[in-house]
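Hi,

Here is the structure I promised to pass on.

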Amino acid sequence: MHIIVCIKQVPNTTDVRIDPVTNTLIRDGVESVINPFDAYAIEEAVRLKERLGGKVTVITMGPPQAENALKEAISLGCDEALLVSDRKFAGSDTWATSYTLCAAIKKIGAFDIIICGKQASDGDTAQVGPGISTHLNIPQVTYVKKIEDISATAAKVERMTEEGYDIIETPLPCLLTVVKEINTPRLPSLRGLMKAKSAKVLKWNAQDLGADPRSLGLDGSPTRVIRIFTPAPRKGGEILKGDAADISKELVELLKDVVV
Amino acid sequence: MDYLLTEQQVMIRDLARKIADEKIKPVAAHYDETEEFAWPIMKILAESDLFGVYIPEKYGGLGGGILDMCIVTEELSRACGGIALGFAGTGLGAIPILLYGSEEQKGRFLPDIAKGKRLAAFCITEAGAGSDAGSIKMNAVKDGDHYVLNGTKQWITNAGEAEIYTVIAMTDKTKGTRGASAFIVEKGTKGMDFGKKEKKLGIRASATREVIFTDCRVPAANLISKEGMGFIVALKTFDNSRPGVAAQAVGIAQGALDHAAQYARTRVQFGQPISGFQAIGHMLADMGTQVEAARALVYAAARMVDSGAKSVAKESAMAKLFASEVAMKVTTDAVQIFGGYGYMRDYPVEKYMRDAKITQIYEGTSQVQRNVIAANMIKESLKK
């Protein structure tokens, strides 16, 4: 079984700062890590390989330093790594990113399943996974919390919903995005770390992909970010005191004042 | 301080630290309280290949030495000196096989130890034979192609949990210490039983039990080296393992110091963080200096062992003596810096103080280390 995992390098911080002028993430001085949700995708892919045999190819589109994230993925059990990197990809929105990754996957050739994290912790769009499956014209199941059954031709998975979960059967090849409930990612092993150190990461640029240049980067991105801002924090609540009858009356008056 | 570790050793240190921080720290208080053996952590250590750092590649390890073992022990001990002992006690049980085992014995036991598939333990202490290890009573009588073992070993680290035991027993009592021999006994051998689990002051996540041998028949193929070599095996094992105990002490001290420094920075009294008071600042300075000095001595002793030096008894004993005394001092001072909070079990530092004490006692008390150091100094002086 050939499993492809798509990952992203994100800033290792819960306090994401945004440049007020360019409206892009400030990455200076912030350590980059594998997107936490992608760690579950890597783990699930490696577990599938350990159970069924085959190999795991890990892909990312990003700047040259994203190679570190790919090497980390190798230390966690992935077999081959591909970095899709070119200045022409800069400014890609989710459409252009998924188009570019799709072009890379097509060039790789045959695969059985693609696994992505449900979303990235910096952009939080949850659109690239579904975008890839759309560009490739293969089925997708998002928010997968368990792979119940998988064969060479089909998979049965549990898709998490707010109320519970759906059980979905899909033919292969397909694309899954996974949630953190699916597994507990392992730590790397020393042998994995040594393998990662000497591993060769394959690198492709825009020309290698043979993609339509009009579909790449900022030019290929139909969305434009107008403004990113941190919403003002909510004001504190008000606690009403007194006996129940008075409080209810007061509350009704207060509620009348706010637009419901 | 830069100890000029190899790239592989840095990798080992970083991974052990990651496991200590992410996996052991959150559960250290739980295992201390319940005194359970931390099998889930042992599984993580096994999967990360750490059990194999000091075992030759030929037997499935990573080919490092005692320094590599010390690095892992130290990092794990920063989080919990008791859980770290699952790893370090296995090292103690494996060293006799590494040093004196035959090719066949190494091939039979080391690969499983390297993979973390089976833990190991070392059995020498008896009720009447502690510092005076020469007075062990347990005997081994040859009977055909077996030895029949009878006797009781006491306070055995990893006992009951480990599957591979190296055991010192007398094959000829008339010869005194020259009549001892070392055997490998596998858990499950008929006639080998475990006594009650001991309740301890510290390192409570570590399993300590009696190992009782009653007409326990061990294949002669499990005799390490030859009859009469038991004491040499034990002494050389301790020469190799003492830097490991010392590393455990350094880790415990460092863990307590980290907590103390952080607490001193955040605890406000008289309107300022207590780290601003010279009394506290100087305590922290002394603690930091002592820990660093202990680490330097431990790494130097471990490197000497790994260099294949002929005699390392004095240096190993020095490392163990100094590091364990530092651990006791530093952990006691950490509790002092925490004040009343430090005395409470809701806070982490009192555990470090309880855990530190054992490092001054096992694998030779501080007093025995001084005996070893003095004896070797006198010997060296005679040669001059």
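Strands (E, at least two residues) and helices (H or I, at least four) are DSSP runs numbered from the N terminus. This is a predicted model, with pLDDT of at least 70 needed for local features and 80 or more for side-chain atom pairs, while totals for chains, interfaces and linings use all residues. Residues count from 1 along each chain as its sequence is written, and chains are lettered from A and ligands numbered from 1 in the order in which they are written.

Chain A, the sheet

Chain A has an open sheet of 9 strands with mixed pairing, in the order E9-E8-E7-E10-E6-E1-E4-E5-E11. E9 and E11 (201-204) stand at the edges with a single partner strand each, so one side of each has no neighbour in the sheet. From one strand to the next, the twist averages 35 degrees (angles run from 0 to 180 degrees between N-to-C directions, and axes are lines fitted to C-alpha atoms, for helices over the stretch in contact).

A hairpin of 4 residues joins E8(A) to E9(A), and Ala155(A) sits opposite Thr170(A) in E9(A).

Contact here means C-beta atoms, placed from the backbone, within 7 Å.

Chain B, a helix pair

In chain B, H3 (66-79) and H4 (81-100) pack at about 160 degrees, with their axes 8 Å apart. That makes H3(B) roughly antiparallel to H4(B) (the label for angles over 145 degrees). Among the residues that meet are Met69(B), Val72(B) and Leu76(B) from H3(B), and Ile83(B), Ala84(B) and Phe87(B) from H4(B). The contact of H3(B) with H4(B) divides into 7 nonpolar, 4 polar and no charged residues. Nonpolar means Ala, Val, Leu, Ile, Met, Phe, Trp, Tyr, Cys or Pro, charged means Asp, Glu, Lys or Arg, and the others, Gly among them, are polar.

Between the chains

The contact takes 7 residues from chain A and 11 residues from chain B. On the chain A side, that gives 4 nonpolar, 1 polar and 2 charged residues.

Cheers

Note on methods: Contact = placed C-beta atoms within 7 Å. Parallel < 35°, antiparallel > 145°, perpendicular 65-115°, else oblique. Pairing = 2+ DSSP bridges.
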